[in-house]
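Good morning, everyone. I would like to take a few minutes to walk through one model, moving between its contacts in turn.

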Amino acid sequence: MRKLALSDEILMQVDKAARYIGNEFNSVKKDPSSVDIRFAMCFPDVYEIGMSHLGIQILYELFNRREDTYCERVYSPWPDLHAIMKEEQIPLFSLESQTPIQEFDFLGITLQYEMCYTNILQVLDLSRIPLIATDRRESDPIVIGGGPCVYNPEPIADFFDLFYIGEGETVYSQLLDLYKEMKASGTYARAAFLHQAALIPGIYVPSLYEVTYQEDGTLASFTPIYEDVPAQVKRQVVMDLDHSPYPMKPVVPYVRATQDRVVLEIQRGCIRGCRFCQAGMIYRPNREKSLEVLEGYAIQMLENTGYDEISLSSLSSSDYHNIQGLVDFLIEECKQRKINISLPSLRIDSFSLDVMSKVQDVNKSSITFAPEAGSQRMRNTINKGLTEEDIMNGARLAFEGGWNKVKFYFMLGLPGEEEADMREIPELSNRVAALYYDTVPKEQRHGKCQITMSTSFFVPKPWTPFQWARMYPPEEYLRRAKIVNDTMKEQLNHKSLSYQWHQADVTVLEGIFARGDRRIAKAIQYAYEHGCFFDAWGEYFHYDKWLEAFAACGIDPDFYTMRERDIEELLPWDFIDTGIRREFLVHEWEQAKAAVVTPNCKMRCSGCGCKSFGGGICYES
Amino acid sequence: MKVRIRFTKSDALRYVGHLDLLRFFQKAMRRAHVPMAFSEGFHPHQIMSFASPLGVGITSQGEYLDIEITEQMDPSAAMEALNAQMVEGVTIQSFTYLDDQAKNSMASLAAADYLVYFKRGLDKSLDYVDAYTQFYQTDGAIMVTKKTKKSERELDIRPLILDMKVGTVGSMQDLLPAEYADPTPYLPWEDGFCLNDSDVMFYLFLTSGSTDNLKPELVMEALHQKMGADFDAANLGIHRLDMFRATEAGYQSLSKG
């Protein structure tokens with residue numbers, strides 16, 4: 001019988017004890033004493049969120065394919081268990097072998113969103129690993145960061161020994177081989193290993209770079225402290241997705257995860273070039289898997305997990321070259337197996353509506369549009385290639401197909417947004433509601449139509465054309481939400497409309513983290529040490545504590561959020577070579593200000609620079 | 001075709017709640033290619049029901065799950081296929097066809113039996129053997145307050161206790177009916193419990209199911225009340241042995257159809 005790290009007494013006290021027991025179906029079992037490398041893979045949020053993440057499953061597969069490596073999982077203990085572990089001094093442990101994290105060679109932490117930053121410190125703290133990388137002892141694990149937040153790792157640079165910049169499938173084996181060789185030959189020492197690791201393309205060791213600042217607080221220089229360490233760290237990209245590792249036997253949790261289904265990644269990257277979207281930039285060029293490979297994956301994964309649902313993963317499923325063939329295959333296969341299909345990120349048109357009517361209960365489900373902005377001018381600014389005509393046509397088809405619920409996603413606080421643009425959000429929704437009453441005869445209606453508008457507040461992200469844009473104080477975001485809400489009430493069809501908006505103070509904090517520099521780390525540590533964690537969970541988010549943290553650390557949050565940056569400014573993330581040309585981003589920023597649309601990658605190459613990776617739709621044509 | 005599956009639940013799996021266990025079995029059925037029958041409607045689901053949900057933390061060597069399948073399967077091949085899809089802590093013990101008219105295990109459940117012990121030691125000053133005699137081997141009523149979601153009511157649980165025995169951990173087998181398998185492999189010995197051979201252990205045979213459902217916790221609470229001793233429900237270890245239906249010939253294990 002496996003010995004659990006937590007006692008029966010504790011497991012009987014905490015909520016959802018099954019989060020902490022491991023032993024899930026398809027979890028990998030190895031004898032820890034038979035491997036050279038023990039890797040703890042962490043998602044710094046609660047189990048149900050972490051288990052829903054595809055990237056970790058890919059790396060879990062990739063690492064465990066190596067006979068010399070045992071990769072295990074670890075997630076953030078929920079606050080109830082956190083308190084017990086602190087009180088009783090129980091070290092954080094891996095799920096598979098229930099071993100203290102401190103005994104591992106590596107602790108890899110995936111960084112999917114900025115609001116998990118305090119949870120990184122929770123994981124380190126409970127693992128008894130010094131929070132600051134330079135304080136770590138020889139015996140401590142090497143702490144690695146990966147995932148989309150590494151495209152500006154600076155606010156958390158102090159907490160990591162190294163960052164892996166790019167896609168995991170590429171240079172991890174080189175890094176693990178280096179570690180194993182140095183250990184075997186007796187040449188391993190923490191500092192020597194980190195120096196050698198920094199020479200591997202895509203590996204960024206923050207302690208090997210020195211940062212200086214101008215008097216106005218902006219960056220003056222960012223330079224490696226050794227001559228052989230590269231000044232620019234190149235993003236690593238896998239070009240052949242058909243032949244790269246994919247988790248055919250994903251771990252199946254007991255507790256219902258957020259993503260409780262087979263996830264089929266159909267492509268990476270996106271051809272659309274929306275100017276607010278970081279994923280659409282940093283995953284360039286767009287790369288697809290072949291239909292045959294996906295068909296094989298779908299069947300094997302359903303067989304190996306027993307899930308009753310399959311979902312596609314991509315930034316824009318409609319752009320997959322053979323979405324029709326893929327969907328036809330899935331419908332046929334899933335009908336026989338009584339498997340549900342969920343199809344996110346499909347553009348609303350006659351094809352997708354036809355598919356959805358086959359796989360969903362039309363009366364219960366809703367149609368989702370993400371126009372992101374209410375006015376055409378703003379949609380052009382953000383380069384969302386969607387016209388009001390597209391929205392109206394989609395909505396009409398949906399209404400004719402029997403749907404009467406529509407969800408709209410918008411952003412507020414976009415660069416150049418004026419009051420008329422805000423008012424357009426409910427006005428557009430009102431026109432869609434009116435279309436319902438014009439389209440569907442009274443006798444065929446299932447009650448009134450329901451249009452739900454949801455707005456998030458825009459956060460400018462590094463590596464997008466909006467990386468230079470300013471943000472606004474929380475009050476200003478709320479004022480804009482109020483304009484939308486008030487305008488909604490003036491609409492003729494206001495009874496068919498509803499509106500929800502996000503928390504404004506979280507947005508501001510996210511903005512600070514997204515474009516912050518190394519000096520932010522102090523405030524993150526201060527906030528954690530004063531009780532902040534699980535900031536992504538509304539009930540645990542305390543804006544006042546954060547303001548106190550910035551004040552205590554002598555940091556002016558407005559420096560990071562309230563000013564438009566000069567295009568000449570040295571940005572904290574400029575040391576990364578993502579393959580995206582600065583000139584392209586500057587040009588797109590100018591086009592945004594002029595509200596001019598740039599054609600998508602399928603129509604014309606806009607010279608972003610990622611063609612240099614030797615793939616993508618632009619390269620092939 | 002109706003099938004009854006008997007299984008065990010132990011080790012770390014005892015922390016997996018009932019709904020999660022249900023979802024675990026739904027997936028296992030698909031992986032094992034059991035030709036499950038489905039309900040009608042827009043969201044068809046597998047026809048599957050459990051005799052009685054097992055509380056989190058409780059171990060068992062006699063759980064029951066009824067399913068409906070559309071094609072005949074050889075029982076031993078089905079058991080083998082299902083066991084290949086289990087995890088440490090769940091084992092399929094039997095796969096038995098039921099009559100088409102048979103009531104499902106949930107509907108026919110009438111009683112269950114348990115071993116009850118104290119996880120983290122016990123108060124040595126308490127004489128459980130004497131308490132047991134006064135509690136159970138008298139004719140008097142045993143009045144308890146049963147709390148439901150809506151109300152509290154006074155209830156005599158004496159008629160609901162079909163059998164009760166007291167013994168020790170070391171001679172646990174003496175507490176059990178003759179043909180029972182050794183519970184030792186399913187009990188969580190290694191979890192830091194301080195169980196000594198001389199520690200007291202109870203056997204309880206209680207009515208169960210939708211009408212007269214009596215939980216072992218309530219019996220033990222009543223016993224402690226009778227002794228005038230403190231009762232710590234969190235210290236109570238419970239192991240379910242088997243479940244029964246009522247027949248004219250008396251209580252019969254659900255494993256016998």
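How many residues of domain 1 of chain B are in contact with domain 2 of chain B? Please keep in mind that this is a predicted model; in it, 14 residues of domain 1 of chain B are in contact with 16 residues of domain 2 of chain B. On the side of domain 1 of chain B that touches domain 2, the elements giving two or more residues are strand 1 (2–9) and strand 3 (59–68) of chain B, and strand 3 gives the most, with five residues. By class, that side of domain 1 divides into eight polar, four nonpolar and two charged residues. As for the division itself, domain 1 of chain B covers 2–102 and domain 2 covers 109–256, and the C-alpha centres of these two domains of chain B lie 26 Å apart.

Let me turn to the contact between the chains, to which chain A gives 24 residues and chain B gives 26 residues. The side of chain B that touches chain A is made up of twelve nonpolar, ten charged and four polar residues.

Finally, a helix pair within chain A: the axes of helix 6 (residues 172–184) and helix 7 (residues 190–197) of chain A come within 10 Å and cross at roughly 145°, and helix 6 of chain A passes helix 7 of chain A in a right-handed crossing. Here A:Leu175, A:Leu178, A:Tyr179 and A:Met182 of helix 6 meet A:Phe193, A:Gln196 and A:Ala197 of helix 7, a contact that has six nonpolar residues, one polar residue and no charged residues.

Key: Residues numbered from 1 in each chain as written. Chains lettered and ligands numbered in written order. Predicted model: local features only at pLDDT ≥ 70, side-chain atom pairs only at ≥ 80, totals over all residues. Contact = placed C-beta atoms within 7 Å. Nonpolar A, V, L, I, M, F, W, Y, C, P; charged D, E, K, R; others polar. Domains from an automatic or database assignment. Helix = DSSP H or I, 4+ residues; strand = E, 2+ residues; numbered from the N terminus. Axes fitted to C-alpha atoms, helices over the stretch in contact; angles between N-to-C directions. Left-handed = near helix turned anticlockwise from the far one by under 90°.
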